[in-house]
Amino acid sequence: MKTSIATVCLAGDLREKLAAISAAGFDGIEIFEQDFIAFEHGAREVARMAADQGLEITLFQPFRDFEGLPEPLRARAFDRAERKFDLMERMGCDLVLICSSVHPESLGGIDRMADDFAELGERAAARGLRVGFEALAWGRHVNDHRDAWEVVRRADHPAVGLIVDSFHTLGRGIDPDTIRRIPGDRIFFVQLADAPKIDMDLLYWSRHFRCMPGEGDLDVTGFMRAVAATGYKGPLSLEVFNDQFRGGSPRTIAVDGRRSLLHLMDQVARLEPEIAIAPPPMPPRIHARGVGFVEFAADEREAESLGALLRAMGFRREGRHVSKAVDLWRQGEARVVVNTDRDGFAGASHIAHGLNVCDLGLAVDDAQATVERARALGAATFAQAVGPGELDIPAIRGVGGGVLHFIDRSSGLAKVWETEFRPVEDDAPATPAGLTGVDHVAQTMNYEEMLTWSLFYLSLFEVEKQPMVDVVDPGGLVRSQAIEAEDGALRLTLNGAETHRTFAGRFIADSFGSSVQHVAFASTDLLATAEALAQNGFAPLPMPDNYYEDLAARFALDDAYVARLRAANILYDQDAGGRFLQLYSRPFGDGIFFEIVERQGAYAGYGGPNAPFRVAAQARLMGPPGLPRDARSPMDDQTGTRKGGRP
């Protein structure tokens, strides 16, 4: 499997782009003409730079408005082509992409265009070069790969072949299976891009909203299955025009790009096992059974306050680590680990972020296979010294520099709690509140990171992404997207902040890039849970009466039922599948909070309609931006303890 990427996909000058592409592990590059023209050195220097980075120049593109022109424009087009052939020879590239013409004077006609390509093929072959014809989705006469193939077929020259691009096929709604009828050796090159489904002008959509395969909504897997079924075995290249990528880190975008190709071809090879393109071997996507634990890094003062809040929520301090200052809190299958150890990763994480969720433990079918797949996809593995009595649990780096540990039953890692923790007697046990486990974990990030991390999870686990939801915050807009397993065992929400004025944005800024802003626990009866919480002294996030008056107007709910929700500060939503109840803690630390939810029936969402009201209530308690931490609201009013934070 040979991977390639167009230089237009990345920000930076040509040197920066080549360095990022090489570091990500690509085999080749497409030189986009505009990048070359803007470069201060010539084609031979570009060839040398690519060679130094271990990259093959797989394609020079684009050559525009060639076929079907009347004289004297036709002669001029051939002259332009000869000049580009000169350039390609100096650059060491043997293939040029010619995109279908949009020239207003282009005459069209399949035979006329085929004759043009036959002549150009002769000229290219004399230099040892090749020509690829691509159908632009907005081409004047050719906007369908089937028509482009007919031109190539009639040109009937070995130096003339077809170039197919997933965006141009899928963006026009053309059935990709029509590619299966094209001989694989006549396809010279394959370009890949995804895109969100947006109803807009094709050219504008293409130039601004393309993304990596798997990050959008197009059936790039179906497209690539059709291409692979032809017997094609040449390069797979990314051509992505995206405003966000143009302003992002070239190294990050390059890593995402290669991961997208590896994941794509792994899926294709499993669906089309006889293909000629062999992706690197890796385990299949991993089935995750849920969140096994959530670990906080804290100092002693923060741990005391956090422990009081957990106890008010019905958790019991159940264990102490055999060799470290780490406590285990548990209720049902929900486990919260509070780590005040000054050494190791948690200590470093606390120095960087203050009180934060530094580690998530995921229950999986095979922990070692999870890390093997993650490594094959370019994820960074994580390891630290294993102390006395500790298990060596496989792990990788995740969002915000945090860690994901993987626990399975088959290897004995699920016995970590019995192995690493000594039972303790809770000195102030509270009434259990009926929490059964973790419903979902919400990770907050800058908006431009969302595609990176959605691809990270989608390529690693058996999960799918849900439609993006806009959350209106008093300080701006936050984009939210759920990533979830089909059986609901693993649910993650990615929340992208576009400005630091929002509650989510302030969390990112104040915590210096910590990722987990809230953990949602599950209850089977939230009203009963709320009663137990009240007995424990838990102070929920207060919701205004206006919310409940609107709730009674929107839904056909019994007045007495609404009154019970109001008394408990429980939020309510419903969809065609069922009902959803939510209860929130007050924010603590730099804006962390807990949520407790009850899903009734087949409710599929996360209470999105309630988010603006919840955010407004949280923002009121956090105070205005820039307010010193000690001047903000207590961590938990039920204990009277000031909330923790860095000095």
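Biologist: Which residue lies over the face of Phe-188?

Modeller: Arg-130 does, at 4.8 Å from the ring centre. A charge counts as sitting over a ring if NZ of Lys or CZ of Arg is within 6 Å of the ring centre and within 35 degrees of the ring normal. Please note that this is a predicted model, in which local features need pLDDT of at least 70 and side-chain atom pairs count only at pLDDT 80 or more, while totals for chains, interfaces and linings use all residues. Residues are numbered from 1 along each chain as its sequence is written, and side-chain values use heavy atoms, with hydrogens and water left out.

Biologist: What sits over the ring of Tyr-447?

Modeller: The charged end of Arg-479, 5.2 Å from the centre of that ring.

Biologist: And how many aromatic pairs does the structure hold?

Modeller: The structure holds 26. Rings of Phe, Tyr and Trp (its six-membered ring) pair if their centres lie within 6.5 Å; planes under 30 degrees apart are stacked, over 60 edge-to-face, and the rest tilted. One of the pairs is Tyr-204 with Phe-209, which is tilted, at 6.2 Å centre to centre and 55° between the planes.

Biologist: Is Phe-209 buried or partly exposed?

Modeller: Phe-209 is partly exposed, with a relative accessible area of 30%, and Tyr-204 is partly exposed at 44%. Buried means under 20% relative accessible area, exposed over 50%, and partly exposed in between (1.4 Å probe, protein chains only).

Biologist: Which residues are linked into a cluster by ring pairs?

Modeller: Phe-63, Phe-66, Phe-78, Phe-117 and Phe-133.

Biologist: How do helix H18 and helix H20 cross?

Modeller: The axes of H18 (residues 526-535) and H20 (residues 559-568) come within 10 Å and cross at roughly 40°. Axes are lines fitted to C-alpha atoms, for helices over the stretch in contact, with angles from 0 to 180 degrees between N-to-C directions. Helices (H or I, at least four residues) and strands (E, at least two) are DSSP runs numbered from the N terminus.

Biologist: Which residues make the contact?

Modeller: On H18, Leu-527, Ala-530 and Glu-531; on H20, Tyr-561, Arg-564, Leu-565 and Ala-568. Contact means heavy atoms within 4.5 Å.

Biologist: What about helix H16, how many of its residues are buried?

Modeller: In H16 (residues 450-460), 11 of the 11 residues are buried, so the helix is largely enclosed by the rest of the structure. Among them are Trp-453, Phe-456 and Tyr-457.

Biologist: Where is there a cis peptide bond?

Modeller: One runs from Gln-61 to Pro-62, with omega near -5°, and Pro-62 lies in strand E3 (residues 56-63). Another joins Glu-71 and Pro-72, with omega about 5°; Pro-72 is in the loop between E3 and helix H4 (73-91).

Biologist: Finally, what is phi of Asn-569?

Modeller: Phi is near 60°, a positive value in a residue other than glycine. Asn-569 is found in the loop between H20 and strand E24 (571-574) and counts as buried, at 14% relative accessibility.
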